[in-house]
Amino acid sequence: MKSDLFINKHKLHWLLVGVLFLALANVVNQIVGKPYWGITRFIYLGYDNNLSAWYSSMLFVAGAFLAHECSVLARRNNVRGEGFLLFAMLLIFMSADEVAQIHEIVGSYLAKFTGLSTMEFAQHSAWVWIGGPVIIALFVAVAILLKRELAMVPGSLKLLLIGLGMIVVGGIVLEATINFLNHETLQWLWDVEIVLEETLEMVGSIFIAYSMQVWRDGIRSWPVPKLL
C-alpha cells in the first residue's frame, strides 16, 4: 500500500531535525538578545501564531495520520483498531489546539469561574491546574487502551509512553513551575522554560509518531493472531 509509506522513519528523522533546529534557533536568538523582531516573531516558541506553532501542530497531524493507518491495518489483520482511531482523533484535536489554544481559553475561564486564578501558585498558568489532570487522565487511558495491541510489536509501547511522558513534563509540569518565578529577577529562567517546554512537547509528539510508525511497519511485515 503506497499510502502506508507516505510517512516513514526517514521522514520522521527529518521532522525531528526540524524540531532541534527550531530549538537551537530560539536559544541563539535569546543569547544574542532578540535583535530582530521579525525573526523573533517568526520562530519564537512561546507564540501561538507563527512558524513554530504551525510546525508543532503539523507534528500531531503526522502522528494522527500514522495512527489512522494503524487502525486500517489492524482491522485488515483481525486486530482491534478502534483504539488507534480514537487516538488519531485525539491527536487531531491536539493539533488544532496548538494554534487555537483551546486548553488555555477553556482552562482560564474555568479558573476564573472557580477562583483558582486569584491564587498565587496559579496566576500565570491557571489552566494547568484544571486541564492538566484531564490531559494526564486521557494519556493514561490511551496507554491502557492501546497497551495490548502495541505489545504485539516490540518497542512501540515504550516509544508511546516516552512521547506522552515528554508532553506531560513539558506542557504540564514545567509550565506549572512558572508561577514560582519572578519576571524581574528571573526572566532568563522564563525564557529557558519556554524553549525547554515547547521542545519537549514537540519531541514528545515525534516519539508518538515513531510509536505508530514502528507498529504499522511491524504489522505490515507479518501476520498476527486475532485479539478477542
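Which residue forms a salt bridge with Glu149? That residue is Arg80, and the closest N and O atoms of the two are 3.4 Å apart. The model described here is predicted. Its chain has 228 residues, of which 48% are buried. The secondary structure comes to eight helices and zero strands.

**Overall make-up**

- Along the sequence, the chain reads α-α-α-α-α-α-α-α.
- Of the contacts between residues at least 6 apart in sequence, 73% join residues that are at least 24 apart.

**Salt bridges**

- The whole structure holds three salt bridges.
- In one of them, Arg80 pairs with Glu149 at 3.4 Å between the closest N and O atoms. This pair links distant parts of the chain, 69 residues apart: Arg80 is in the loop between H3 and helix H4 (82-100), and Glu149 is in helix H6 (residues 126-150).
- Arg80 counts as partly exposed because its relative accessible area is 35%, whereas Glu149 is buried, with a value of 4%.
- Glu69 and Arg216 also meet through their side chains in a salt bridge, at 2.8 Å from N to O. Here too the pair links distant parts of the chain, with Glu69 in helix H3 (residues 51-76) and Arg216 in helix H8 (residues 183-221), 147 residues apart.
- Both Glu69 and Arg216 are buried.
- A further salt bridge joins the side chains of Arg216 and Asp217, again with 2.8 Å from N to O. Arg216 has 0% relative accessibility and so counts as buried, while Asp217, at 26%, counts as partly exposed. Through shared partners, Glu69, Arg216 and Asp217 are joined into one network.

**Aromatic rings and charges over them**

- A pair of aromatic rings is described by the distance of the centres and the angle of the planes.
- The structure has six aromatic pairs. One of them is formed by Trp54 and Tyr55, a tilted pair with 6.5 Å from centre to centre and 55 degrees between the planes.
- The two residues of that pair fall into separate accessibility classes: Trp54 is partly exposed at 49% relative accessibility, and Tyr55 is buried at 11%.
- Trp37, Tyr44 and Tyr47 belong to a cluster linked by ring pairs.
- Tyr44 also has Lys34 over its face, 4.8 Å from the ring centre.
- In another such arrangement, Lys11 lies over the face of Phe6, at 5.3 Å from the ring centre.

**Positive phi angles in loops**

- Most residues other than glycine have a negative phi. Two residues with positive values are described next.
- Lys34 has a phi near 50 degrees, a positive value in a residue that is not glycine. Lys34 belongs to the loop between H1 and helix H2 (37-43), and it counts as partly exposed because its relative accessibility is 33%.
- Asn78 is not a glycine either, yet its phi is positive, about 60 degrees. Asn78 is placed in the loop between H3 and H4. With a relative accessible area of 49%, Asn78 is partly exposed, since exposed residues need a value over 50%.

- Leu160 is found in helix H7, which covers residues 156-177.
- The relative accessible area of Leu160 is 0%, so the residue is buried.
- Leaving out residues up to four places away in sequence, Leu160 touches Phe87, Val142, Leu146, Leu150, Ile208 and Ser211.
- Leu160 and Tyr210 are 50 residues apart along the chain, and their C-alpha atoms are separated by 7.9 Å.

**A nonpolar surface patch**

- Leu24, Val27, Val28, Ile31 and Val32 form a nonpolar patch on the surface. Together these residues have about 460 Å² of accessible area.
- Val28, one of the patch residues, is in helix H1 (residues 9-31).
- Val28 has a relative accessible area of 43% and is therefore partly exposed.

Key:
Residues are numbered from 1 along each chain as its sequence is written. This is a predicted model: local features need pLDDT of at least 70, side-chain atom pairs count only at pLDDT 80 or more; totals for chains, interfaces and linings use all residues. Side-chain values use heavy atoms; hydrogens and water are left out. Patches are made of residues with over 30% relative accessible area and no salt bridge: like charges are joined within 9 Å, nonpolar side chains (Val, Leu, Ile, Met, Phe, Trp, Tyr) within 5 Å. Accessible areas come from the Shrake-Rupley method with a 1.4 Å probe; for residues, only the protein chains shown count as cover. A salt bridge is a side-chain nitrogen of Lys or Arg within 4 Å of a carboxyl oxygen of Asp or Glu. Helices (H or I, at least four residues) and strands (E, at least two) are DSSP runs, numbered from the N terminus. Buried means under 20% relative accessible area, exposed over 50%, partly exposed in between (1.4 Å probe, protein chains only). Rings of Phe, Tyr and Trp (its six-membered ring) pair if their centres lie within 6.5 Å; planes under 30 degrees apart count as stacked, over 60 as edge-to-face and the rest as tilted. A charge sits over a ring if NZ of Lys or CZ of Arg is within 6 Å of the ring centre and within 35 degrees of the ring normal. Contact means heavy atoms within 4.5 Å.
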